Amino acid sequence: MTTRHRAAAATAVSALIMAGAHLIGATVAHADDTPTAPPGTEPSASAPVPIDSASPGLKIPQGGTLAPVKVLDIAEVVEDLGGEQRRQETNQTVMMALQSEVLFPENSAVFNAQAAARIQAIGQEINTQKATRVRVFGFTDDQGSYEHGKELSKQRADAVQAELAKTVTAAGVTYDVRGYSEDYPIADNGTEEGRKKNRRVEITFPRGTAGG
């Protein structure tokens, strides 16, 4: 079993939700190359309690205003010791990020020998969670042209989705598949260590009753 360590816990982030139009079918994949919001920044829910900005109990300084209400989830992040796989879990979603190097040769969208087993394990968890909405997003670093990165990241996301579809057994699963090139880095592209983390494929799905 791979040694893992807790990279961060109790981190406030907005929940990851499915975005874009969806088509129904066991292996249908929909791509939207012009999303209206970056992945992972969408609010998870509306405010549970109405807030009256004129309430004297708020003690807002003269001329001050309330910022828009935003509901945040608590995210727990667990990363393999080598950083090859990262799991981010909120009370609503599970996101698995796999570094491209553990799935593909350099500058390729063809799986290496170990890739299928990793993706099948994620597919089995999707089955356990009884998720019917799955999004697969590909990302690259900032080396090379943006357009090449966009094509490569989409090809890699497509390959991962196709492999997932072999394992995910629920009927009517909807896949949202996108390639983002160098957009939305999670680490510094100025170092090779950071670029390695940015070259990744993320698989996100809602938690079901099995997730607690």
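**Leu58 in its loop.** In this predicted model, Leu58 sits in the loop between strand E2 (28-30) and strand E3 (73-80). Strands are DSSP runs of E with at least two residues, and helices are runs of H or I with at least four, numbered from the N terminus. Leu58 has a relative accessible area of 36%, so it counts as partly exposed (between buried, under 20%, and exposed, over 50%; 1.4 Å probe, protein chains only).

**Val134 in strand E6.** Val134 belongs to strand E6 (residues 133-139). Val134 is buried because its relative accessibility is 0%. Its C-alpha atom is 6.2 Å from that of Thr174, 40 residues apart along the chain. Buried residues make up 42% of the chain's 212 residues.

**Chain overview.** The chain has 3 helices and 8 strands. Their order along the sequence is β-β-β-β-β-α-β-α-β-α-β.

**Notes.** Residues are numbered from 1 along each chain as its sequence is written, and side-chain values use heavy atoms, without hydrogens or water. The model is predicted: local features need pLDDT of at least 70, side-chain atom pairs count only at pLDDT 80 or more, and totals for chains, interfaces and linings use all residues.
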